[in-house]
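Colleague: Could you pick one part of this model and take me through it closely? I'd also be glad to hear how its surroundings look.

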Amino acid sequence: MDILKTEHFTTPAVGDSVQPSLAWPSPKDSEDSKQSPVVNSSDQDIQKAKDVHLEIPDGADSFIPKEKSSDSFPTKEREELPPSSVSSKATLHFDQPNRKLSPAFHQALLSFCRMSADSRLGSEVSRIADSEKSVMLMLGRCLPHIVPNVLLAKRERMVLHLCQELIPLILCTACLHPEPKERDQLLHILFNLIKRPDDEQRQMILTGCVAFARHVGPTRVEAELLPQCWEQINHKYPERRLLVAESCGALAPYLPKEIRSSLVLSMLQQMLMEDKADLVREAVIKSLGIIMGYIDDPDKYQQGFELLLSALGDPSERVVSATHQVFLPAYAAWTTELGNLQSHLIPTLLSKIEKLLRDGEHGLDEHKLHMYLSALQSLIPSLFALVLQNAPFSSKAKLHGEVPHIEVTRFPRPMSPLQDVSTIIGSREQLAVLLQLYDYQLEHEGTTGWESLLWVVNQLLPQLIEIVGKINVTSTACVHEFSRFFWRLCRTFGKIFTNTKVKPQFQEILRLSEENIDSSAGNGVLTKATVPIYATGVLTCYIQEEDRKLLVGFLEDVMTLLSLSHAPLDSLKASFVELGANPAYHELLLTVLWYGVVHTSALVRCTAARMFELLVKGVNETLVAQRVVPALITLSSDPEISVRIATIPAFGTIMETVIQRELLERVKMQLASFLEDPQYQDQHSLHTEVIRTFGRVGPNAEPRFRDEFVIPHLHKLALVNNLQIVDSKRLDIATHLFEAYSALSCCFISEDLMVNHFLPGLRCLRTDMEHLSPEHEVILSSMIKECEQKVENKTVQEPPGSMSIAASLVSEDTKTKFLNKMGQLTTSGAMLANVFQRKK
């Protein structure tokens with residue numbers, strides 16, 4: 001105290017010199033703090049204390065700082081500060097970036113810093129004593145908490161508390177001490193005080209660093225605090241590297257701006273590229289986001305973009321999530337200010353997607369597609385905010401009188417506060433006024449002179465629709481990704497925009513009219529992914545009655561046109577799969593299918609029958625009983641045989657998924673009529689469809705249905721096929737039977753069933769294959785021999801309930817060999833004959 005008094009070495013209090021926007025929120029307002037575990041158990045404290053102690057380097061005192069090499073910190077050497085910089089009358093000035101972030105966005109960005117001010121100790125750490133009296137008061141408050149713990153220091157669980165209590169004393173002394181070497185030593189102690197600081201301890205240290213920075217100013221922060229970070233950037237403990245990563249963000253507002261965009265950015269870039277710990281890289285991403293809120297050097301834009309791509313491609317979900325929550329929206333805000341959102345960032349991501357699709361004709365990299373498309377999706381709020389802020393009415397958007405109401409569901413739920421349009425704009429009230437003017441402008445005055453919106457309408461949408469037409473419609477993941485993107489785009493830009501700008505562009509491409517039917521190839525675009533993405537991404541955005549009618553009408557038209565033009569049904573199937581995943585659309589899809597059931601064209605009825613198969617697995621049994629089975633029964637008595645045949649896969653799927661006995665009996669009766677009615681005895685297509693369905697659903701169907709119906713009927717079909725005189729038809733049936741028996745061979749089959757139906761069926765099939773496909777015959781002979789041996793070896797003493805012959809027939813090893821050989825039927829007979837041989 002005497003030294004401090006004689007040197008008159010004091011610095012100003014934080015006071016009003018720091019702008020309110022830099023005030024740190026309490027941990028309860030921080031998203032990260034919600035996830036921080038609070039440990040109260042003394043047993044856990046004891047366990048944790050094993051790793052918490054003052055770090056003592058080998059052969060050195062713990063409070064002696066390490067020797068600094070000349071290149072340990074690539075900045076000017078730390079020199080003693082001139083008296084003027086620490087005068088009690090001096091006013092601290094922090095570099096304010098030349099940025100236009102709304103205070104709400106700025107505050108939301110800073111909320112990702114980890115502060116700890118809600119406790120007594122946190123409050124103590126967050127304020128720095130600046131006079132003899134305040135130092136005395138601080139010592140009076142802290143010493144009573146320290147001394148008892150010193151006396152009990154042998155009890156390890158008290159070390160944690162002791163270390164934390166030292167933090168305010170170290171900070172205060174480091175702040176006020178006149179000697180730079182002593183200050184450096186004290187800050188070194190602070191950063192090395194705890195060997196592996198946990199979440200709470202890091203928050204305490206960060207709070208102290210921020211208090212120190214706000215008290216001493218940017219010059220000393222650069223000269224004294226940053227070197228401590230730099231020295232630990234490659235520390236062996238991830239907790240220490242985590243502290244470095246978090247410090248870079250927390251200290252960003254208090255650094256010289258050239259240091260933010262050079263040294264600190266480089267430190268974070270190095271850690272993102274090199275650190276192996278997911279938690280560290282996650283913290284790096286959050287700090288990068290905060291840095292992006294302060295950086296104002298346009299030359300760093302490209303470096304930021306490269307960092308963004310690296311972060312989006314990170315193997316850790318935690319890192320990618322943090323990128324979408326913090327880094328991407330912060331970078332987008334800067335990009336918007338630079339005028340690059342519509343000129344570079346979005347177009348570059350689009351071009352990367354287009355390149356992926358061009359290069360992926362033989363195998364699309366769906367992970368990268370997801371990476372770029374999810375980034376575009378996260379940019380939608382920023383894009384909409386730009387459109388509002390650059391609208392012709394933006395100067396008229398003044399808050400006065402009653403604030404318009406914004407519906408709770410007006411916008412999709414944001415991933416983080418930084419993706420909330422109201423946060424980007426500045427306030428919910430300001431957004432409400434802008435939205436009212438936005439809707440009025442679109443409805444009554446149009447888009448003339450509205451460059452930012454015209455770019456969306458004339459460039460972004462056409463390019464997106466063109467991309468959609470290039471993706472593989474059978475790729476469920478791609479369809480889903482683009483569907484969700486368009487859904488968020490349409491919801492964000494609103495119903496008027498969707499109805500007047502988005503739907504017309506899709507409708508112009510799709511041209512749903514029977515005049516466009518080409519009897520040979522169909523309307524090309526109707527077979528593309530454009531159909532399911534328009535149906536599920538655009539037409540599902542709003543759910544009022546007229547919106548649902550539009551969706552129903554669209555699907556009915558697509559079903560009709562694809563059927564009449566004999567085109568592939570993949571686009572319609574993709575629409576049903578995507579919509580069918582949501583039970584809210586099951587009634588709607590059944591309405592569409594009933595339209596097909598009663599259609600005058602047999603082609604459309606046939607399509608409807610095939611679509612039921614896709615819907616059955618997701619629909620509850622009540623709907624199956626009330627809506628699906630009656631429709632299928634109606635179609636199963638259709639005048640056209642092709643329609644009746646088309647119902648078989650759906651009936652099979654019901655047998656695979658439903659458990660209601662009455663429902664199963666109705667379906668079983670219908671399938672039995674197909675197999676036993678004399679009118680179908682020469683229907684080759686019907687028999688192949690039945691066999692194919694049995695092979696698909698048999699292994700998963702109810703065991704009683706499989707034993708009493710599937711296997712006996714396969715035996716009959718194999719028997720009848722022996723009498724077929726047309727070799728092409730005989731081989732076709734035999735091939736499908738081979739696949740069905742292969743699938744069923746791994747099922748639980750009783751000895752009686754094996755002897756009376758399974759083995760006889762295999763022998764009939766072998767007879768066909770002897771003449772038509774010798775490669776298959778070799779495999780069948782091995783299967784039959786193995787079955788016969790198992791039956792012969794089955795002893796009377798075998799206890800009831802033991803493994804069935806069929807279950808033990810094909811061991812896992814044998815099954816693997818068999819399935820491998822099925823794809824290699826051109827292999828020599830000698831090799832194939834050994835597929836099912838016993839292991840010696």
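Modeller: The chain has 39 helices and 0 strands; both are DSSP runs numbered from the N terminus, helices being H or I with at least four residues and strands E with at least two. Please keep in mind that this is a predicted model, in which local features need pLDDT of at least 70 and side-chain atom pairs count only at pLDDT 80 or more, while totals for chains, interfaces and linings use all residues. Residues are numbered from 1 along each chain as its sequence is written, and side-chain values use heavy atoms, with hydrogens and water left out.

Of the 840 residues in the chain, 53% are buried (under 20% relative accessible area with a 1.4 Å probe, protein chains only; over 50% is exposed, in between partly exposed). Among contacts (heavy atoms within 4.5 Å) with a separation of 6 or more, 77% join residues 24 or more positions apart.

My pick is helix H16, residues 341–359. Its 19 residues reach 26 Å from first C-alpha to last, close to the 27 Å expected at 1.5 Å a residue (1.5 Å times one less than the number of residues). H16 bends by about 30 degrees at Pro347, the angle being taken between axes fitted to the seven residues ending there and the seven starting there.

Which residues of H16 are buried? They are Leu341, Gln342, Leu345, Ile346, Thr348, Leu349, Leu350, Ile353, Glu354, Leu356 and Leu357. These buried residues pack against H14 (301–312), H15 (317–338), H17 (366–389), H20 and H21 (476–493).

Take H20, residues 451–468, from that set: its axis comes within 11 Å of the axis of H16, and the two cross at roughly 10 degrees (lines fitted to C-alpha atoms over the stretch in contact, angles from 0 to 180 degrees between N-to-C directions). H16 and H20 are therefore roughly parallel to each other (under 35 degrees; over 145 is roughly antiparallel, 65 to 115 roughly perpendicular, the rest oblique). On the H16 side the contact is made by Gln342, Ile346, Pro347, Leu350, Ile353, Glu354 and Leu357, and on the H20 side by Ser452, Trp455, Val456, Leu460, Gln463, Leu464 and Ile467. By class, this contact has 10 nonpolar, 3 polar and 1 charged residues (Ala, Val, Leu, Ile, Met, Phe, Trp, Tyr, Cys and Pro are nonpolar; Asp, Glu, Lys and Arg charged; the others, Gly among them, polar).

H15 is another of the helices that the buried residues of H16 pack against, and Phe327 sits in H15. Phe327 is buried, at 0% relative accessibility. Beyond its neighbours within four places in sequence, Phe327 touches Ile285, Leu288, Gly289, Met292, Gly304, Leu307, Leu308, Ala311 and Ala322.

A kink of about 35 degrees lies at Leu225 in H10, shortly before the proline Pro227. Because 11 of the 14 residues of H10 are buried, H10 is largely enclosed by the rest of the structure; among those buried are Arg220, Glu222 and Glu224.
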